[in-house]
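User: I am new to this structure and would like to know what stands behind the terms used for it. Please set each value against its definition.

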Amino acid sequence: MTKQPPPVPVADPDAKIFEQLQAARPRILAELGKVIIGQQDVIEQILVALLAGGHCLITGAPGLAKTLLVKSIAQIFHLEFRRIQFTPDLMPTDITGVEILQDTSEGRQLSFVKGPIFGNMILADEINRTPPKTQAALLEAMQEHQVTASGRRYVLPEPFFVLATQNPIEMEGTYPLPEAQLDRFMFNVVIDYLPEDDEVAVIQRTTSLGGEKIDTLFTGEDVLAFHALIRKVPIAEDLVRFAVRIAAATRPRQPGTPAFVNDWVSWGAGTRAAQFLTLGAKARALLKGRAHVTKEDLIALVAPVLRHRVLINYRAEAEGVGVGKVIERVLESVK
């Protein structure tokens, strides 16, 4: 059994924030339950990313309530929600903003008109439908939380999250995201079809009159406080080493790499994968009411952290091996 480090004494403000999160956790799920049925793993992963300050890539077929889920979470945390529909003719300035000439008391001057990226929770809908030039407009915002226009720096409001959706079915007329941008997403969250009973409940609810209103439970300042608290959660060194070994085991042609990885994988996960795995495990521990990380927290997040960072080769595809199978085998091989 993993030996946990001794609890770190927390100051009263930290204890208060921790208690606030624990008291509100069942209410968060109850509020989301007013509009979302099922999808518990999906909800957990998005909440973990939100609390850890990471971005999410959401993969799923149309009509699975991706937009509704993100919008509902924004309402609960009182975050400014902005939806950007990515299309082939979308330009970078349509996202970041543009400088225009305006008449002022001092004559005509250039002024910057902020684009829809200036919000707290940005839903980049069908991000792979727009060319790489426009996709790249998100890179600076996601990494630096700022936008640069005409040499001037404009800071984005905090907290800031990007949740981008992809349709895994239609690949015609799409532009796959470059690896550098994929690596900026903390998780790749996969939304699948609901079981029959849940789907029946969805149909009954959405074809009747009205619906329950979602209540706001937090503020943006609360979310920033959660970010700071999560980084104080203790984690044993052997668990950090476990996260590093998981990421390293996906890299082909490296010392100690499993043979099946060399056979099936063309590119593995980098250091950022272990960072996000560790940070996500800390957030999940707090969400579960614990003040320390367990091995279970790490294992639960391996798939969403790795599935967009591990690239399988033609041999794997020919043998019918998907990235999910590779991740399962990696977990089995890492001690």
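This is a predicted model: local features need pLDDT of at least 70, side-chain atom pairs count only at pLDDT 80 or more; totals for chains, interfaces and linings use all residues.

Analyst: Residues are numbered from 1 along each chain as its sequence is written, and side-chain values use heavy atoms, with hydrogens and water left out.

User: How many helices and strands does the chain have, and what makes a stretch count as one?

Analyst: A helix is a DSSP run of H or I with at least four residues, a strand is a run of E with at least two, and both are numbered from the N terminus. The chain comes to 15 helices and 11 strands.

User: Why is the chain called as compact as a globular protein of its length?

Analyst: The radius of gyration is taken over C-alpha atoms, and the globule rule is 2.2 Å times the number of residues to the power 0.38. For 335 residues the rule gives 20 Å, and the chain has 21 Å, which is close to that value, so the chain is as compact as a globular protein of that length. The C-alpha trace spans about 70 × 50 × 45 Å along its principal axes.

User: What makes a residue buried, and what percentage of the chain do buried residues make up?

Analyst: Buried means under 20% relative accessible area, exposed means over 50%, and partly exposed lies in between, with a 1.4 Å probe and protein chains only. Buried residues make up 47% of the 335 residues. M186, found in strand β9, has 0% relative accessibility and therefore counts as buried. M186 and L306 are 120 residues apart in sequence, and their C-alpha atoms are 9.2 Å apart in space.

User: How do you know which strands pair in the open sheet?

Analyst: Two strands pair if DSSP finds at least two bridges between them. The open sheet has five strands in the order β2-β5-β8-β1-β9, with parallel pairing. β2 (81–85) and β9 (185–191) each have a single partner strand, so they stand at the edges and one side of each is left without a neighbour in the sheet. Neighbouring strands are turned by 20° against each other on average, direction ignored, where axes are lines fitted to C-alpha atoms, for helices over the stretch in contact, and angles run from 0 to 180 degrees between N-to-C directions.

User: How many bridges join β5 to β2, β5 to β8, and β1 to β8?

Analyst: β2 and β5 pair over five bridges, and in β5 the bridge partner of R83 is L123. β5 and β8 pair over four bridges, with V162 of β8 as the bridge partner of I122. β1 (residues 55–60) and β8 also pair over four bridges, and C56 has L163 of β8 as its bridge partner.

User: Why is β5 called largely enclosed?

Analyst: Five of the five residues of β5 (residues 121–125) are buried, so β5 is largely enclosed by the rest of the structure. M121, L123 and D125 point one way from β5, whereas I122 and A124 point the other way.

User: What makes a space a cavity, and how many are there?

Analyst: On a 1 Å grid over the protein atoms alone, a cavity is a set of points where a 1.4 Å probe fits but cannot get out, and lining residues have an atom within 4 Å of a point. Grid points are joined across faces, edges and corners, and a volume is the space filled by probe spheres set on the points. The count comes to one cavity of 30 Å³ or more, and the largest cavity has a volume of about 40 Å³.

User: Which residues line the largest cavity, and how are they divided by type?

Analyst: The lining consists of I46, A49, L50, G54, C56, M121, F161 and L163. α2 (40–52) and β8 (161–166) each supply at least two of the lining residues, and α2 gives the largest share, three residues. Ala, Val, Leu, Ile, Met, Phe, Trp, Tyr, Cys and Pro count as nonpolar, Asp, Glu, Lys and Arg as charged, and the others, Gly among them, as polar. By that division the lining has seven nonpolar residues, one polar and no charged.

User: Where is E126, and is E126 buried, partly exposed or exposed?

Analyst: E126 is in the loop between β5 and α5 (132–135). Its relative accessible area is 23%, so E126 is partly exposed. E126 has a positive phi of about 55° although it is not a glycine.

User: Why is R253 called exposed?

Analyst: R253 has a relative accessible area of 59%, so R253 is exposed. R253 lies in the loop between α10 (237–248) and α11 (259–264), and has a positive phi of about 60° although it is not a glycine.

User: Which peptide bond is cis?

Analyst: The bond that joins E158 and P159 is cis, with omega about -5°. P159 is found in the loop between β7 (152–155) and β8.

Methods. On a 1 Å grid over the protein atoms alone, a cavity is a set of points where a 1.4 Å probe fits but cannot get out, and a pocket is an open set with protein on both sides within 12 Å along at least five of seven lines; lining residues have an atom within 4 Å of a point.
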